[in-house]
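Here is a short tour of one model, with the sequence and the 3D view side by side. Please keep both open as you read.

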Amino acid sequence: LGLPLRVFDPATLEAETPRLANPSELVFREIGCHGVAEAAALAAAGEGGRLVVEKRKSRRATCAVAEAPAILDPERIGRKRGTLALIGMGPGRADWRAPEADRLIAAATDLVGYSLYIDLLGPAAAGKARHDYRLGEEELRVRAALDLAAEGRDVALICSGDAGIYAMGSLLWELIERGGRPDWRRVEVTTVPGISAMQAAASRIGAPLGHDFCAISLSDLMTPWPAIERRIAAAAQGDFVVAFYNPVSQRRRFQLARAREILLAHRPAATPVVLGRNLGRDGETLTVTTLGELTVDMVDMLTLVLVGSSESRALTLGDGTPRVYTPRGYGDKPEAQRA
């Protein structure tokens, strides 16, 4: 039909009960109104409307038709289905954001996120209703985004990096699954990928992720340290390039040191390590050191730590610029087999 979807809350539908041809107590017990299809048709048609086709059921839908006394404006009927755009904005630079992210931010009525992340949008945040949250209020901000979208708003939930990598993506779907909120399940969710910190660091310094790699968060707020330690040991034994997120905080200092010890048991002390800080933002720094020389004091909570595999290599360009890469193995193949 080419028409927008409009929805009504149970109270609005229940107000149409006196005009229903087929009121149902079962429906009332389940959702709080005595009818849906007929009530929605009548609510859309307005006070002077009349039911012309009683509800008819198929395997997947129930339909009813009402006639309005005048032409209707769909935008003034009920409310539209809410949308939630889960935006991975990368490190924060506008030219590193996906065009789809810019489009959905521009279309949003509401922005939800950590205050710094919304600030990093700059002019793109102008004119939007802001819902700012502090660090540690991750569940509050996701619940707020879902509530706003369930009310029919167009919401952008702003995340740094990629929303599905140590960000709000998994929490969003967890709350939808276990939240017991049918209105959250009706929200239209779109996820926009972003440049993660490990991708940003890798692109700046060369190609350290050129062969098998993994990402491990060293924060034990959500994951017990013994589980993290097992994952580090597995990555060390598998000789993966490892990207360490959340390497340290003011109170967490031993985890990175312990990770270094585990890795040193399986790869040389000369293994290159890349420290990327404030990637894609003012004050960006990239430092290349070695696993043997790495210390906790070289790292803060804004740093991504990329530890090479035993095959990773560091080199210096003619101007003194360091580069790190992990060979894929092409150079070991006969010429005819390279692809």
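## The second largest pocket

The lining of the second largest pocket has 28 nonpolar, 2 polar and 8 charged residues (Ala, Val, Leu, Ile, Met, Phe, Trp, Tyr, Cys and Pro count as nonpolar, Asp, Glu, Lys and Arg as charged, and the others, Gly among them, as polar). A pocket here is an open set of points on a 1 Å grid over the protein atoms alone where a 1.4 Å probe fits, with protein on both sides within 12 Å along at least five of seven lines; lining residues have an atom within 4 Å of a point. L5, R6, V7, F8 and A40 lie nearest the centre of this pocket.

Strand β3 gives the most to this lining, with 6 residues (strands are DSSP E runs of at least two residues, numbered from the N terminus). Domain 1 (4-67) and domain 2 (81-195) both contribute to the lining, so the second largest pocket lies between them; the domain bounds come from an automatic or database assignment.

## An aromatic pair

Searching the whole structure gives 3 aromatic pairs (ring centres of Phe, Tyr and Trp, the last by its six-membered ring, within 6.5 Å; planes under 30 degrees apart are stacked, over 60 edge-to-face, the rest tilted). One of them joins Y114 and Y117 edge-to-face, at 4.9 Å centre to centre and 85 degrees between the planes. Both Y114 and Y117 are buried (under 20% relative accessible area, with a 1.4 Å probe and protein chains only).

## About the model

This is a predicted model, in which local features need pLDDT of at least 70 and side-chain atom pairs count only at pLDDT 80 or more, while totals for chains, interfaces and linings use all residues. Residues are numbered from 1 along each chain as its sequence is written, and side-chain values use heavy atoms, leaving out hydrogens and water.

How values were computed. Buried < 20%, exposed > 50% of the residue type's maximum accessible area, 1.4 Å probe, protein only. Helix = DSSP H or I, 4+ residues; strand = E, 2+ residues; numbered from the N terminus.
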